[in-house]
Amino acid sequence: MVAMLVACGRDPAPPARSAATPAPAAAAGVVAPAPRSEGEVSIQGDDALAGVLSWSLPEVKIEHPARARAEARRALANGDLFETEHSAIPLLLALRKLQPDNPDDGPLLAKARSALLAQANAALGASEDPASLRYAQRMGTVLRLLWPADRDVQEYLERVDQAERAFDMIARGFALLRAGRLDDPDGALASFRAAQALWPAQIGAGQGMAAVEAVLIARAQTQALAGDFDTAGMTLERARRVRDDARTLAVAKARVEATRADSIRRLGDAGMMALADPAGLQFARERLVDMLRIARPGDRAAVVLRERIDVVSHYGLFYPGEVFSDQMPDGSRAPSLVVLRHGSFMMGAAADEPGASADEQPRHRIEFERGFAMTRHEITVAEFRRFVQATGYATRASQRGHSMIYDVRSGNFARVSGVDWRSGYDGQPAAGNLPVVHVTAWDAEAYAAWLSAQTDAHYRLPSEAEFEYALRAGGRGRFPWGNGGPPAGVDNFAGGKDASPRGLHWNNSFPSYGDGWWGPAPVGSFARNAFGLFDMGGNVSEWVADCWHKGYRRAPANGAAWVNPGCRTRMYRGGSWASGPDQLRSAWRVSGGVDITNSRIGFRLVRQL
């Protein structure tokens, strides 16, 4: 007897391998195309999917029931359950149709059903890729067709449906990923998370989330390379919220920070190189702005560049307190200078200062926006000699043939013939390391002009404000050293312990002070002040650039020289070797004719930075 059972009009599907585990894609009737991108789930076309999911009960011809039953037992034992006419379930269904009362076929069919459900559950449990899912779906088709009312079949079919929806969400997620919709509320990440919630066993959702994270990290690096580190940081935070992979994010952040550090270093180098020329100050400031835009607060490189810009803006290529000298064309050096810090001070005498005059008032604030360099000591005889020998310049005293000296025999100051810059305070030839005296303000300015030409730097007489600022050196007292008596060795001026070559003593002096000199001392013989300058409060008084004005009303507040064109009365500041206490006050000022010369007045210079 021949039994013919046909469940539907389709041709039978290809046979599957005899195993309890999911068959390979080809054996299950699934064709697995190459993935579209790394981690992307492959989804078949409709025709291929229909071929996988359809199933027809194979046509079985039974001529010998006992043989067919034995064949069914063998197929069941081998896990060959439904694909061909030699599989267990088609054989057992045909046998039940042929011999409905046979007691063996029912239990065997129930066993085959359980085996099929076990295979299906195993395939579904391993459905981390489309091939396994399609195999699970195909077995679901068989179970739905043969035992649709069974509860365990219905539960299995519900789980298959969840897995199918998860894979659909994964496919949608990759489509959104390609479209650039990464982590918006309805973007790729939302789809991958929904898929993972539906079916945690599959790997596509995790791969998709990793792909979203990778795209965000790559985007952050691109933003960092473009210098937009704020946006890069926000993009990395978005990447962190994808799956919070601490190790991956740590590497990504390290790369962004390395890019930041490299950008800061390049900007800092460019700024520093520009500052090698003061004309590059604006360029350096622009680089600092760029650095501050991307640097962390307190970044050391930005701090260093800011400090250097501040220094250059106030001091050119120098640093406050720096000691230097310019080179002369013959390889020798110009007089030694020290860089004075920019800042402010109160110039003049307070209303209640003992010994003060109205010419030293009103007290007023001077603000130096830029630092300047000042020669560390008065210009010496030797330094002035180089100028005269190089130029043939004739000073006013040389032209006139006389100057005022100290007469050691009488103890008075007297005009003596044959005295000029080569002479000392007493008219005798002066040593080279003594401050040059018997020079006018015009002589000093001629020397400054020559030195400027020799060095390509701008040398000039200091302004009166610059001199007092340098003399006070940050102090606020009546004297350069403070308000009391002078400390030992502070400077060269009239002290009660000093004596002339004839044994004379000063009648207006600090009684308990003695410096050991009657007349100028070699420059630098006494202690330097807080700004690194020597002999500011003694030795010789010094010409400044200002014209004489009675008092400070309408005086410049920026420290510039107060000059009237063609003025004939100039200023000199600072005490000398013959000065008493009132003339040693920091605010003391006095005028002199533009061409006077004597043994108490010399000069020092300022160099523009």
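In the predicted model, helix H10 and helix H12 cross in a left-handed manner. Helix H10 spans residues 246-274 and helix H12 spans residues 300-315, and their axes come within 10 Å and cross at roughly 15°. Angles under 35 degrees count as roughly parallel, and H10 and H12 are therefore roughly parallel to each other. On the H10 side, the contact is made by Ile-264, Gly-268, Gly-271 and Met-272. On the H12 side, Ala-301, Val-304, Leu-305 and Arg-308 take part. Five of the residues in the contact of H10 with H12 are nonpolar, two are polar and one is charged.

Two packed helices are described by the angle between their axes and the distance between the axes. For helix H6 (residues 151-178) and helix H7 (residues 188-198), the angle is about 165° and the axes are 8 Å apart. Angles over 145 degrees count as roughly antiparallel, and H6 and H7 are therefore roughly antiparallel to each other. The crossing of H6 and H7 is left-handed. From H6, the contact includes Gln-162, Arg-165, Ala-166, Met-169, Ile-170, Arg-172, Gly-173, Phe-174, Leu-176 and Leu-177. These residues meet Ala-188, Ser-191, Phe-192, Ala-194, Ala-195 and Leu-198 of H7. Sorted by class, the contact of H6 with H7 has eleven nonpolar, three polar and two charged residues.

Helix H16 covers residues 464-472, and nine of its nine residues are buried, so H16 is largely enclosed by the rest of the structure. The buried residues of H16 include the charged residues Glu-464, Glu-466, Glu-468 and Arg-472. Ala-465, Phe-467, Tyr-469, Ala-470 and Leu-471 of H16 are buried as well.

Backbone geometry was then examined. Most residues other than glycine have a negative phi, and most peptide bonds are trans. Ala-473 is placed in the loop between H16 and S9. Buried means under 20% relative accessible area, so Ala-473, at 12% relative accessibility, counts as buried. Asn-539 also lies in the loop between H16 and S9. The phi of Asn-539 is near 75°, a positive value in a residue other than glycine. Asn-539 is buried, with a relative accessible area of 0%. The peptide bond from Gln-361 to Pro-362 is cis, with omega near 0°. Pro-362 is found in the loop between strand S3 (343-347) and strand S4 (364-368).

A disulfide is a covalent bond between the sulfur atoms of two cysteines. A search of the whole structure finds one disulfide. Cys-547 and Cys-567 are the residues joined, with a distance of 1.8 Å from S to S. The torsion about the S-S bond of Cys-547 and Cys-567 is about -75°, so the disulfide is left-handed. Cys-547 belongs to strand S9 (residues 541-547), while Cys-567 is in the loop between S9 and strand S10 (569-573). The two cysteines are 20 residues apart, and the pair links distant parts of the chain. Cys-547 is buried, with a relative accessible area of 2%.

Definitions and conventions. Residues are numbered from 1 along each chain as its sequence is written. This is a predicted model: local features need pLDDT of at least 70, side-chain atom pairs count only at pLDDT 80 or more; totals for chains, interfaces and linings use all residues. Side-chain values use heavy atoms; hydrogens and water are left out. Axes are lines fitted to C-alpha atoms, for helices over the stretch in contact, and angles run from 0 to 180 degrees between N-to-C directions. Helices (H or I, at least four residues) and strands (E, at least two) are DSSP runs, numbered from the N terminus. Angles under 35 degrees count as roughly parallel, over 145 as roughly antiparallel, 65 to 115 as roughly perpendicular and the rest as oblique. A crossing is left-handed if the near helix is turned anticlockwise from the far one by less than a right angle, and right-handed if clockwise. Contact means heavy atoms within 4.5 Å. A disulfide is a pair of cysteine sulfur atoms within 2.5 Å. Buried means under 20% relative accessible area, exposed over 50%, partly exposed in between (1.4 Å probe, protein chains only).
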